[in-house]
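Hi there,

Here is the structure I said I would pass along. Please have a look at it first, and then read on for what turned up.

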Amino acid sequence: MTKKGFPFLLAAIMLAAILALTSLPGCSSKTTTATTTTTSASAQPIKTYTIGLCAELTGFLGAYNTATVNEAQIAVDMVNENGGIMVGGQNYLLKLVVEDGKSTLDGTTAAANKLIFSDNVKFILGPDAYFNSAVSGLCEQNKIMHIGGYCTMQPGELDSTTTYSFLGQGASINYFTGVLAYLKANYPNVKKVALTMPDDGSIPYFGKAVQQMVQDAGYTVAGSIIGYDNNAVDFSPYAAKVMATQADAVIACSGVVLPNGSILKNMRDAGSNMLFVVCNSVIPSDYVKVAGTKESTGVVDCSACYIGAPDPSPILQEMITRYIRSIGGTGALVTLEYANPVWELAQLFNKANSFDPAVVKTTFENMSSIETFYGTGTISGLKTFGIKHAVSYQLPITTIDNGVPTFKQWEPALVP
Amino acid sequence: MILEINGLTKNFGGLTAVSGIDIKVNDGEVLGLIGPNGAGKSTFFNLITGVIPPTKGKIIFKGKDITGKRPHEIAELGIGRTFQLNPLFPNFTVLQNVISSFQIRPRSNWLDTFFNTPVYRKNEAYILEQSLEILNLVGLYKVKDELAKNQPHGYQKMLGVARALAIKPSLLLLDEPIAGMNPDEIDNTIEAIKRTSQRGVTIILVEHNMKILEICNRVVVINFGQKIVEGSPQEIKENPEVIRAYLGSGHDTKH
Amino acid sequence: MAESTILLIVATIVNALVLSSMYILLALGFTFLFNIMGILNFAHGVIYMIGAYICFYMATVVGINQWLALLISVAVVGLFGIFMERFIFRPFFGNINSIIVVCIGLITVLVNAVAISQPYNVQVTPAFVQGILKVGIVSLSWQRIVFFLIGVSLLILVLLFINKTKQGLQMRAVAQDLEGAILQGINVHFVSALACVIACALAATAGSLMGSYLSLTPYMGNDIMIKVLEILVLGGIGSINGVLFAGLIVGTLDAVLPIWLSGTATQAIMMLIIIVILLFKPQGLFGKEVRA
Amino acid sequence: MGSMIAARDSSSRRKNYTQIILYGILICFLLFIPLFFQSPYVLHLFILTLVYIIAAASMRFIMTSGQIPLAHAAFLGLGAYVSAVLSKHVGLSPWLSLFIAAFVAMGVGIFISFPFARLKAFYYAMVSLFFGVGLLQAIESLGKLTGGLAGITAIPTLFNTASKVPYYYCFLALTLVSLVILYRFEVSRIGWNLKAIDQSYLVSSSVGISEVKYRVLAVAIGCFFVGLAGGMYANYNVTLSPSSFDSSVTLWMIIYVTIGGMNNFSGPIIGTAVLFLIPQYFSGLKQYAPFISAAILFLVIFMFRNGLVCIPGLLMAFYKRKKSTSKSR
C-alpha cells in the first residue's frame, strides 16, 4: 500500500472540481431569471424572461424530442417577433433554456433539478410521456408551474395531487375519442380490435383506460393488451402475436415509432392486411421510414402530427414555413408537443399579468379555452385525471397507403 | 504413521492418471516419489490436497479420513504443499507472501481483525517474527521486501517452501522442488529441505532429478499411475525394473 | 389446428432461424477476437451499428444499390478493424479493465456521433429483396429467406477459412498457444489484424442486413451486445461449435418467449434460463475444462 | 497486516501525521462545501457523487478478490427499489428501509455468490452481467410495485425539507463511515486474503484460505454497501427508473474504478469525483457532452495506465530524477 501523496491529489481534484462548478452558469447568485438587454433600436429596454424546457435530447426519445424542441424554439421566436409578452407594463422577450433528461426518469429528475435550482426557472415545459412524473412532483414541492407534453396516465403524472402540473398538448387519451369516431364512420367492417402498447408500466393505467374506451365505443378487444419490450432486438414475435389474434384492426397505443413501425413492417412482410391504427404523437412519414414504402399501407394515424391540411390557421401556416426553413428539408413534419405549451404559456403571461406561478396557474384553471396551433383548445380533464388541467383540441387524421400519407380530416377530441 | 493411502484412483474421462496406489508414510521420514514425466505424480499431490476429488480410494491423515475434503480444509489439518508452477502470490513482496500464508495459527476472529484489537496486533506481531524466522530458514531474508514476481526461479521455488511452512505443517508435499535450478541453488535447496526435516516435518517430494534421492529415507517409483517398486534409495538405484521403466527410458542417468 | 396457430408457428420458426443466423454471425466474430487476442471487444455491438449506418447512408443518401452499399460497409468497417487492432487492442493486451474503459470510450464516441448526425433516431435501409413467398396459407417474405441463406453461407465460408486455409491454421495456432505460435515464426500481429478484420466485417454484414430487417437506431448495438455475450458464454468461451449451438438456442428463445410473455419479463426469463444452464455447466455447453 | 507493514517503515510515524492533517483538511473542506455553494444544484451533484463513490468503492472491494461484478449497478438498483418500495408501499420509515435495502442486497449477493463461486474470471463476469440484466428486468416486470420501465415516483424522503443541506451532511457522514469500514476491511487480513485469492486461488487454498468463503464475503460486503448507496439514492432522488441501473452503468462504475486507479483505495473515489463532476461542467453542451467524458477516458487510459492515483507518484519520480540529474552536473 503506497499511500503517500494521495490525499494531496484527492484534495487537488476536489478543489478543481469545486472551482469548475463555481463557474457553472447559474451557480453564481448574480444570475436572475429576468435580465435587461439593451436594444439599440427602441428607447425602452426590453427584458428577457427565461422559461425551462425539459426534454429527452439523448436516448431512445432523443431524435424525436430534438425535433419537438426545435418547434418549441420556433414558437418562442414567433412569440418574440410578435412583440413578446407584456407583464406589469413591461415588455419581455421569452428565452428558452433546455435541459436533457437522457430518456430516463432519473435523468429527467436531474434535468428538472437543474432547471429549478441552477437555471432558477419558475415555469417548466415538457417532458413527454411518463417522464412527466419526474417533473410533476418536484414542481409541486417547489411551487413551479409545469406544462407537460403527453401523458400516459401513470400515477404522479397528473392527478389531484399535482396541482402545479398541466398538460398542454392533448393527453394521449383524447386521441382515442377522435380515432374511434373516425373508424366508426369510415371502417364499418371493423368489429374486433387488438391493442398493442409498450410494456413500460403504463398498461395497468393507460392500457386499462384505453381498453375501456374501445369497449365503450362498441368494439370487442381481442385477447389482452399485447405489451412489447421497447428495447427488444426483434419485434417480429409481437407481430406474429398480433396476427394470431385475427382481429380486424390493431390499435397501436402510445409508444415510439420504432416498435410500432417494426410491428407494422413485420405484419406486412408476413402477408397480413390488418388495418393498422396509430394513436400517438408520431410523425406519419416516420412510419414510412421504419416500415418501408410498400409495407406502409392500410394505416390510419390519429396524432398531433400535422401533415398538409388544406386550411391551416395563420399561426400553424407560419410554424410550418419556419419549420421547413429550419430543417432546410422537405415536407411538413410537425408534432408541436412543446410548441403548443409555449404558445399557451405566452397567452397566460399576458392574461395573468404576472410571473408568479401560483397566479398563472389560477388564471389557467379559470379559463375555459385557450388558443393553440390547432385552433381553440378546451381545458378539461376532471373525469380522467380528477383535475381540470388538460388542454384538448381537434386533431388531424391521416391515412398512409403505399407509403404516402394523406390528410383526411380534423377530428374534434376531448379529454373527459 | 502419518499418512495412509489405500487404492487411490483417478480417471479423467477414459484416461487413468492414478490407479490403485497404496502408500504408507511414517512420521518424520522423507519420502521420495519418482517417475518419468506424465507418470501421475502431480495428480497424486492434487488428490491428496483435495484440488481434484479422487474417483476411488481413501486418504487417511493422522487416523482421520480426509478423502474429498476441500483444499483449505486439508491445509488446516496440517498438510502443506508447493506447486510445480505459479508457486506464489506474484504481486506481494516475499515477506507478504509468507505473512499471507499464516492463516491457521494463530487465528484472530474477524472482529479482532476488523477493529485491530490488541489480540490481533499481538498475533500479527508473532506472525511477523515467525515469518522472518522461516525466511531465514530458507535463506530468503535478504530479499524479503522485494516483489515475489521479480525473484529468480530458485528463490521463487524456495518461497513456495517457505509459504508451505507457514501453515506449520506436519506433512509437507514438495512438487519438484529442484526442477530447473542451477547446481548452487540445488545445494541450497537440499540444505533447506534437510533443515526442515530435522524440525520434525514429514516430507513427501516428487522429483525426476535423481539427485534428490540423497536426502530421501525411502523412495516410491510410479509409472503410468501405478506403483512399480518401493525401497531405500540404494535399492531403487539398483532395481532393474526401475532402470528399465524410468532411468533407461531416454532420460540420462547423469541428470 | 387452427389456421392462426399454424401461422404463428411458421412465423416463429422463420423468425428464430433468421435471428439465430444473424446472432451467430456476430458472435462468431466476437469469439474470433477472443480466441486470438484474448480480448472481449465490448464495442462489437457498436461496430455492428456503424456497419448498418454506413450501408444505410450509401443506399439512401448516396443512392447506390443496396448490395453494393453492403459491400462498401463491410470494406470500411473491416478497415476500421485494422485501426482498432493497432491502436485500441494492442496497447492494452491482456488488461481487461483497460479494455473495458477503451471500449466504453469508443462506444460513447461512436453512438453519440451517430445520434447527433442523424436528424431522426429511426431509419431503415431499403429492402434488399422485395416480395412475398406464398405457400398455401403461409406467407414468408423473400428477404428473410435470403438473409437466412446469406447467414448460413457466410458461416460455412468462415468455417472453411478456419479449417482449410493457411491463415486459418495460423489463427488456430495462435488461439491455442500464443508463445508457441510466435516461436514458429507466425506473425501474430498480422493474424490478430486479420481476426479483427473478419470480426468487424461479419458484424458489418449482420448490421447491414439487420438494418433492413429491423431498423436503425444509434442504440441498436447495446441490446445485441448482450445477446452476443449470452451466446458466447452459453456456448463456452472460445468454442466455435458452441457459438453455432448457443446462437440457435438464444435466437429461438428470443423468437419464442415473447409469444407467451409480455415484454419485459422475456429478458428476465431468458437470463434465468441461461444462468441455470451455466450453473450446471460452468464452462458453457461446449467449453473446455479450465486448467488449474 | 497493513498496520504491521506500515510499522516496518521507520519514517512512517511522521508521514502518518502529515496524512492525518491532510485528511483533516480535506474533511473540513468537505464539511464547508454547503457554505461555499448556495446553489442547491451544485449540492445535488455533490450528493450524487457521494452515492456513486460508495458504489464504486464497494465495487472495487469485490474486484480485489478477482471477481468482476458486472451486476453491481443492478444491486444498486435492487437496494434503491427495495428501499423505495418499503418506504412507499409498506410505509416504513425511509431510515429503516435504507438499511433493510442494504441487508437485502447483501442477502441476494450471498445467495447468488455461493453458486457463482464455482465460476472463474470471464465466466463470473459474464454470468453476473446476465444476472444483473435479469434482475433489472425482473424489477421492471413487477409493474404494480415498481412502475415498470416508467419507474417509481414520489418516494418518501429522508428529510422533510426541500433543502439539500441536510442530505449533504447525512450522505457525507454515511460515505465517510462506509469508506472507513471498507478501508479497514481492505487493510485487514480479510483484504489481504482477497488479494491472495485474486493472485492464485490454488496457492491460497493450499495455505488454508477458503476460496468460496472469501469470495462470498467480498460480494456480501460489497453488496451491502452498494445496497446502502441504492437506498440513499432512492430516498434522496424521489424518482427511480430501471434504466439508471442498467449494464452500461456498471461499465461506467468499472470506469470510475479503473480511471481512478484499481490498485489503490482512493482510486474509485478520485475516479468518481473526476468522471462524475467534470462532465457536469460541460452539460451545457447537451448532446455533445458525452464526448467530454470519452475524451477524459482516452486521455487518462493512454497517459496513465494505472489510473489517476499514479500521478503523484509519477510527479515525485520526475521531481527526484530532475533533482538527481541537476546534482550530478
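**The interface of chain B and chain D**

The side chains of E124(B) and R189(D) meet in a salt bridge, with 3.1 Å from N to O. One salt bridge is the whole count between chain B and chain D. Please keep in mind that this is a predicted model, and that every value here is computed from it.

How many residue pairs are in polar contact across the interface of chain B and chain D? The rule finds seven, with both residues of each pair at pLDDT 80 or more. As for which parts of chain B are involved, α2 (71-77), β6 (79-81), α3 (94-100), α4 (110-115) and α5 (118-138) each supply at least two residues of the side that touches chain D. Of these, α5(B) gives the most, with five residues. By residue type, the side of chain B that touches chain D divides into 22 nonpolar, nine polar and six charged.

Now for the extent of the interface. In total, 37 residues of chain B are in contact with 28 residues of chain D. Between them the two chains bury about 2,800 Å², and 63% of that area is on carbon and sulfur atoms.

Chain A is divided into domain 1 (44-172 + 334-367) and domain 2 (174-280 + 282-309 + 398-411). Taken over C-alpha atoms, the centres of these two domains of chain A are separated by 29 Å. The contact takes 15 residues from domain 1 of chain A and 18 residues from domain 2 of chain A.

What area do the two domains of chain A bury between them? The value is about 1,400 Å², with 63% of it on carbon and sulfur atoms. The count of salt bridges between domain 1 and domain 2 of chain A is zero. On the side of domain 1 of chain A that touches domain 2, the residues divide into nine nonpolar, six polar and no charged.

Best wishes

Note on methods: Residues numbered from 1 in each chain as written. Chains lettered and ligands numbered in written order. Predicted model: local features only at pLDDT ≥ 70, side-chain atom pairs only at ≥ 80, totals over all residues. Heavy atoms only, no water. Contact = heavy atoms within 4.5 Å. Buried area = accessible area lost by both parts, 1.4 Å probe. Salt bridge = Lys/Arg side-chain N within 4 Å of Asp/Glu carboxyl O. Polar contact = N/O pair within 3.5 Å; in protein donor to acceptor, adjacent residues only side chain to side chain. Helix = DSSP H or I, 4+ residues; strand = E, 2+ residues; numbered from the N terminus. Nonpolar A, V, L, I, M, F, W, Y, C, P; charged D, E, K, R; others polar. Domains from an automatic or database assignment.
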